[in-house]
Amino acid sequence: MGNAAATLRRIVEGALREVAAEKGVSSDLPEIAFEKPKREGQGDLSTNCAMQLSRVFGEKPRDLADAVVAKISSDPYLEKVEIAGPGFINFFLSARWMGEVLAEILEQGPRYGSSHIGGGKKVQVEFVSANPTGPLHVGHGRGAAVGDIIANILGFTGWHVQREYYINDAGLQMDILGRSTQARYFELTGTPEKAPFPEDGYKGTYIYDIAGAVREQEGDRFTALSPEESLPFFKTFAADSILDTIRKDLADFGVRFDVWFSEKSLYERDLVPSAMETLKDRGFAFEHEGALWFKSTDFTDEKDRVLIRSNGVPTYFASDITYHKEKFDRGFDRVIDIWGADHHGYVPRMKAGVEALGRNPEDLDVLLIQFVNLLRNGQQIPMSTRSGQFVTLRDVLDEVGVDATRFFFVMRRNDSHLDFDLELAKQASSDNPVYYVQYAHARICSVLREAESRGISVPASGNIDGGIFRSDEEKKLLSRLGDFPKEVEKASGELAPHVLVNYVSDLAGDFHSFYNAHRVLGEEEPVMKARLLLVKAAGNVIASVLGLLGVTAPERM
RNA sequence: GCGCCUGUAGCUCAGCCGGACAGAGCAACGGCCUUCUAAGCCGUGGGUCGCGGGUUCGAAUCCUGCCGGGCGCGCCA
């Protein structure tokens, strides 16, 4: 639609200027917005500018619309122009436009829909970042899918994207992990009295596996040492082992990171004290009762927060501020953090931290991902992280597969709770939206295969007279294909993968309707060629969207 | 108590930076395979957009007050 919308904008702006000159209206005219009408019979594009400007012009919306339309001369892209409802101007695009859209899709191939909106600016997407204290659960999986797909979308729209995983490998949790593993190790070696299992330890059975691995590698030699002597080994071993599992799970989920950033490295590089100095220098940190405080009340936060405890140990917040300073120091124009929704209270603090470092807080986007409600046949599966009773991402992948899991995780808005029914996700039927879309792609491939086997050549692209598409099904499908660039732009601007899921579901629906209503092969030559190109274009776009979602586009099902 | 998110068809949800009679999928009911994949299509029924005020030519959308659901309010991570 790019061409047509731009052309229309010029036409309408010109007409508006003429009307403004005649009426003596001197104020600046805003950019004119076009939208796709919701209903059939309301044209291909419409604008509400007459309604929005009626006050400025001192005219009733419909009168102003009349005046504007009167100034619109004929244009090869325009079939007709109508005024409707309270003052909408509806544009019906011509067959020529339809032909051009098709040619554009086929010529651009996989690049169709991509853009340079990001201007090559550097954006970092940090996501998952689960503590290496246990396997990833389904909630992490949703964050992983959302982050990965947002990164894909940003890349497709002209951003230079880096994916990063922040490893919380410093602090108390690592200590507890090490002690938990150590206690299990001593249990396995028959010397449980050497180190009791910590009260707030990690109870999952995976800790036994790690302890067993220690034994396999190191034997029982730690029974001869004091627990304090061997603790560092257990900490490192357990964290490394869990991190390996996490990497493997994510790789199998189709998620790859450019950087695995260690929290510990912030301390090893001594970055935390200098970040604290920066805050003090800028007047946003102060000493009080032996602790260092951040003056977050200078911003939107409700109370000041401790950075360095009175015992000298930095809080998590100190790490996070330092980490974000480090991110921006690396030259990112924009940073996106993807967090679980339970951390929402932390957002104002983090934004304040960024601002206190002298950075525009708008350069940081924090996306909150709501919880996943795992169901089986409509029944909720109870989960509790505390008791170690939770379904892991690995479990879901093994049962449901990568495609359906990724698709389901981004079907809903990020900030909306997600019901994930394992049985539904596995079903091979129309109830399952993943298969519905993939099936459309497989059908398309089948038509093209069949054409080939009948010796019919499918031109790589071609100039088609759009007028050959007469049916509603063909026009709707083509129009939907033309929407793709706008939809990608929206998904990118709103950081909302679900926009693309809805779009591709609608597109698949349009294709299925077309497919059932019309034949392709065996029609008379010009119609067949045109439909073959239409089918091919639909296949291209479906494959593009599935590619952005990280879901395969099967050629057969 | 304060803060954030949320409440749209029987169910799951789009729409939410104001616009045309509120959309989709599922479920229910009725149709469609000698023709390129029926994992598909077509049709029918189904709504006080949580409730009350306000702003506006116009409100599911913005403001406000209630009600219900989720989450968060540590010198925890």
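**A guided reading of chain A**

Author: Let us begin with one residue: Tyr316 has its place in helix H12 (residues 316–329). Helices (H or I, at least four residues) and strands (E, at least two) are DSSP runs, numbered from the N terminus. The model is predicted, so that local features need pLDDT of at least 70 and side-chain atom pairs count only at pLDDT 80 or more, whereas totals for chains, interfaces and linings use all residues. Residues are numbered from 1 along each chain as its sequence is written, while chains are lettered from A and ligands numbered from 1 in the order in which they are written.

Reader: Does Tyr316 count as buried, exposed or partly exposed, and why?

Author: A residue is buried if 20 or more other C-beta atoms lie within 10 Å of its own, exposed if 12 or fewer, and partly exposed in between, with C-beta atoms placed from the backbone. Tyr316 counts as partly exposed because it has 15 C-beta neighbours inside 10 Å. The C-alpha atoms of Tyr316 and His518 are separated by 62 Å, and these residues are 202 apart along the chain.

Reader: Which residue has its C-alpha 7.4 Å from that of Pro459?

Author: That residue is Leu533, 74 residues from Pro459 in sequence. Pro459 belongs to the loop between H17 and H18, and it counts as exposed because it has 12 C-beta neighbours inside 10 Å.

Reader: How many helices and strands does chain A have?

Author: The secondary structure of chain A comes to 20 helices and 15 strands. Its C-alpha atoms fill a box of roughly 90 × 65 × 40 Å, taken along the principal axes. Of the 557 residues of chain A, 40% count as buried. Two residues are in contact if their C-beta atoms, placed from the backbone, lie within 7 Å. Among the contacts in chain A with a separation of 6 or more, 73% join residues 24 or more positions apart.

Reader: Which domains does the assignment give for chain A?

Author: Domain bounds come from an automatic or database domain assignment. For chain A it gives domain 1 (2–93), domain 2 (122–168 + 255–369), domain 3 (172–252) and domain 4 (430–549). The C-alpha centres of domain 3 and domain 4 lie 54 Å apart.

Reader: How is the packing of two helices described?

Author: One gives the angle between the axes of the two packed helices and the distance between those axes. Axes are lines fitted to C-alpha atoms, for helices over the stretch in contact, and angles run from 0 to 180 degrees between N-to-C directions. Angles under 35 degrees count as roughly parallel, over 145 as roughly antiparallel, 65 to 115 as roughly perpendicular and the rest as oblique. A crossing is left-handed if the near helix is turned anticlockwise from the far one by less than a right angle, and right-handed if clockwise.

Reader: At what angle do H19 and H20 pack?

Author: The angle is about 155°, and the axes of H19 and H20 are 10 Å apart. H19 is therefore roughly antiparallel to H20. Their crossing is left-handed. Among the residues that meet are Leu500, Tyr503 and Val504 in H19, and Ala538, Val541 and Ile542 in H20.

Reader: What else may be read from H19, such as its number of residues?

Author: Helix H19 (residues 498–517) has 20 residues and spans 29 Å from its first C-alpha to its last, close to the 28 Å expected at 1.5 Å a residue. The expected span is 1.5 Å times one less than the number of residues. The buried residues of H19 include Val499, Asp510 and Phe514. Those buried residues pack against helix H15 (402–409), helix H17 (433–453), helix H18 (472–494) and helix H20 (525–549).

Reader: How far apart are the axes of H5 and H20?

Author: The axes of helix H5 (residues 95–108) and H20 are 9 Å apart, at an angle of about 55°. H5 is therefore oblique to H20. This crossing of H5 and H20 is left-handed. Leu102, Ile105 and Leu106 are the H5 residues that meet H20.

Reader: What does phi tell us about residues other than glycine?

Author: Most residues other than glycine have a negative phi. Ser129, not a glycine, has a positive phi of about 45°. Ser129 counts as buried because it has 21 C-beta neighbours inside 10 Å.
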